[in-house]
Amino acid sequence: GCPPGSWSFTGLPECSLCEVGTYSDSYGVLNCTRCPGSTSTVEEGTDSISKCQGKDITKAGCQKYLYA
């Protein structure tokens, strides 16, 4: 089946990457799961809910590295 981070209508190839703001963490899924609340992912093909983050968290993380 399709690997984590992707999906298809049948769960088999050809697979599409999960859209930004969604993820799939198992094989052969028929659709991707939306990130909870106001969180989102940074890129397509996310394979874990832990990569769903709030936009303010991402900005804070970038500033920390830029100004540290």
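## A salt bridge to start with

Let's begin with a pair of charged side chains: Lys51 and Asp47 form a salt bridge, and their closest N and O atoms are 2.9 Å apart. A search through the whole structure finds one salt bridge. Both partners are partly exposed: Lys51 has a relative accessible area of 43%, and Asp47 comes to 33%.

The mean pLDDT of the protein is 86, and 79% of the residues reach 70 or more. Residues 57-68 are another matter, with a pLDDT below 50; beyond near neighbours in sequence, this stretch has two contacts in the model. Where pLDDT is low, the predicted coordinates should not be read in detail.

## The overall layout

Of the 68 residues in the protein, 29% are buried. The accessible surface is about 4900 Å², and carbon and sulfur atoms account for 55% of that surface. Among contacts between residues at least 6 apart in sequence, 23% join residues at least 24 apart.

## Three disulfides

The structure holds three disulfides. Counting the bonded cysteines along the chain, their pattern is 1-2, 3-4, 5-6. Let's take them in turn.

Cys2 and Cys15 are linked with their sulfur atoms 2.1 Å apart, and the link is left-handed, with -95° about the S-S bond. Cys2 sits in the segment before strand E1 (6-7), while Cys15 is in the loop between E1 and strand E2 (16-17), so this pair ties together parts 13 residues apart in sequence. Is each end buried or partly exposed? Cys2 is buried at 0% relative accessibility, whereas Cys15 is partly exposed at 33%.

Next, a disulfide joins Cys18 to Cys32, with an S to S distance of 2.0 Å. Its torsion is about -80°, so this disulfide is left-handed. Cys18 lies in the loop between E2 and strand E3 (22-23) and Cys32 in the loop between E3 and strand E4 (33-34), so the bond connects parts 14 residues apart in sequence. Cys18 and Cys32 are both buried.

Finally, Cys35 is joined to Cys52, again by a disulfide, at 2.0 Å from S to S. The torsion here is about -70°, so the disulfide is left-handed. Cys35 is buried at 5% relative accessibility, and Cys52 is buried at 11%.

Note on methods
Residues numbered from 1 in each chain as written. Predicted model: local features only at pLDDT ≥ 70, side-chain atom pairs only at ≥ 80, totals over all residues. Heavy atoms only, no water. Salt bridge = Lys/Arg side-chain N within 4 Å of Asp/Glu carboxyl O. Buried < 20%, exposed > 50% of the residue type's maximum accessible area, 1.4 Å probe, protein only. pLDDT = per-residue confidence, 0-100. Contact = heavy atoms within 4.5 Å. Areas by Shrake-Rupley, 256 points an atom, 1.4 Å probe, with all protein chains shown as cover. Disulfide = S-S within 2.5 Å. Helix = DSSP H or I, 4+ residues; strand = E, 2+ residues; numbered from the N terminus.
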